[in-house]
Amino acid sequence: MRTTRRTTTAGRAGLTGLLGAALALTLAAPARAGATPTAPAASTTASGPAPAAAAAPAPVPGAGWRLTPTGTDVRFRGLAAVDHRTAWAAGSRGTVLRTTDAGRSWRDVSPPGGEGLELRDVEALDARRAVVLAIGEGEASRLLRTEDGGATWTEAFRNTDPRAFYDCVTFLDRRHGLALSDPVDGRFRILSTRDGGRTWEVLPDSGMPAALPGEAGFAASGQCLVTADRGPGGDVWFATGGGATARVFHSADRGRTWTVTDSPVPGGDPARGVFGLAFRDRAHGIAVGGDYRAGQPSPAAAAVTADGGRDWTPAGTPPPAYRSGVAWLPHSRTAALAVGPTGTDLTRDGGRTWRTVDTGSYDTVDCAPDGGCWASGEKGRIARLARR
């Protein structure tokens, strides 16, 4: 979506025991075979002058988000967690960072000459292979790929249709991926790869329902187009806003045909809708969103489904404000985190009720199968969920 999103800077993060309980859920699960537990990263801020919002939260008992030193002030809306040691982040000014030491240090692996690109999504196929999405009208929308940890990059796709505007990218497995564009000729456009992101093609739109007037996707967190965390690949969902109703589209055949369902998250305005999705499996999903404008109320900012998105139920106690990112905690059937510019919320009942557990500003969140959870956002903020 072409709308510019502005948010206010949150103050120091305030943690509660609930976020520590969330971390306990992830640490209680066995690590991947061969994984080596590490000590948590030091609580430091980015090198050089740092804004107040990037300051590390005061030490408290338990656990919570631990800010890591990124050395930059760009905004990171794209995030991919590989494991508890390795993560990728993509942001403004064509910036891509990668860590392999649990956030103790971040290596700048930005594509050469990409300073003018607005990167809003990154999908990591593993620790060395990743695809990043640049957004914008016409040729500003691009997909770039690396196979060597960001040492070199290849432009895999450049949009030449001035009517298209790509918002998100996702991978169903290491070979099959999709990217979502705002509507062209009244229908959302889907881009597909079958070779791990090396080549891409526009899919036919005959199986895509018509878009509503003003309807589009939100390039706010890299989570407007997602697959399920667990289960066989093939199912994919995308979320919308801007139209009279905020909706969720679903495909069970890798993007060839789609169904669409209204969500209870309010729409009716270019600034309102569903901004982020997370599916634990092909049945259980969470949608978060609201009104991204600072100071605007966001009632019913979360909803849940237990049937793959055919029906959505509003959260009984939703997050108190707009949220752009959401992630299920690994090895849990009921716990998830939602993030936004005013804080982090935790659910322990599958998305029905939420409670704020941190007041730091983040745009997106992602968790790896081994329990490593990361969050990123404005002013160079990247944090790892860690013991204190």
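The lining of the largest pocket has 25 nonpolar, 10 polar and 11 charged residues. Here Ala, Val, Leu, Ile, Met, Phe, Trp, Tyr, Cys and Pro count as nonpolar, Asp, Glu, Lys and Arg as charged, and the others, Gly among them, as polar. The structure is a predicted model, in which local features need pLDDT of at least 70 and side-chain atom pairs pLDDT 80 or more, while totals for chains, interfaces and linings use all residues. Residues are numbered from 1 along each chain as its sequence is written, and side-chain values use heavy atoms, with hydrogens and water left out.

The lining of this pocket comprises 46 residues. Glu123, Thr227, Asp229, Asp366 and Cys367 lie nearest its centre. A pocket is an open set of points on a 1 Å grid over the protein atoms alone, with protein on both sides within 12 Å along at least five of seven lines; lining residues have an atom within 4 Å of a point. The largest pocket holds about 1,100 Å³ of space. A volume is the space filled by probe spheres set on the points, which are joined across faces, edges and corners. Strands β2 (76-81), β6 (118-124), β10, β14, β18, β22 (325-328) and β26 (364-367) each supply at least two lining residues. Strands (E, at least two residues) are DSSP runs, numbered from the N terminus.

Cavities were searched for as well. A cavity is a set of grid points where a 1.4 Å probe fits but cannot get out. The whole structure has 2 cavities of 30 Å³ or more. The second largest cavity contains about 40 Å³ of space. Its lining consists of Phe188, Arg189, Ile190, Leu203, Pro204, Asp205, Met208, Gly255 and Trp258. By class, these are 6 nonpolar, 1 polar and 2 charged residues.

The next element is a sheet. In it, 4 strands form an open, antiparallel arrangement in the order β10-β11-β12-β13. Strands β10 (166-171) and β13 (201-202) stand at the edges with a single partner each, so one side of each has no neighbour in the sheet. Two strands pair if DSSP finds at least two bridges between them. Strand β11 (residues 177-184) is joined to β12 by 6 bridges. A hairpin is formed by β11 and β12, with 2 residues between them. In its turn, Asp185 has a positive phi of about 55°. Strand β12 (residues 187-193) is joined to β13 by 2 bridges. Ser192 has Glu201 as its bridge partner in β13, and Leu191 stands opposite Val202. Because 6 of the 7 residues of β12 are buried, this strand is largely enclosed by the rest of the structure. Buried means under 20% relative accessible area (1.4 Å probe, protein chains only).

Phe218 and Phe275 form one that is stacked, at 3.7 Å centre to centre and 15° between the planes. This pair links distant parts of the chain, 57 residues apart: Phe218 in the loop between β13 and β14 (225-227), and Phe275 in strand β18 (residues 272-279). Rings of Phe, Tyr and Trp (its six-membered ring) pair if their centres lie within 6.5 Å; planes under 30 degrees apart count as stacked. Phe218 is buried, with a relative accessible area of 0%. Phe275 is buried, also at 0%. Elsewhere, ring pairs link Phe188, Phe238, Phe249 and Trp258 into a cluster.

Key. Phe/Tyr/Trp six-rings, centres within 6.5 Å; stacked < 30°, edge-to-face > 60°. Buried < 20%, exposed > 50% of the residue type's maximum accessible area, 1.4 Å probe, protein only.
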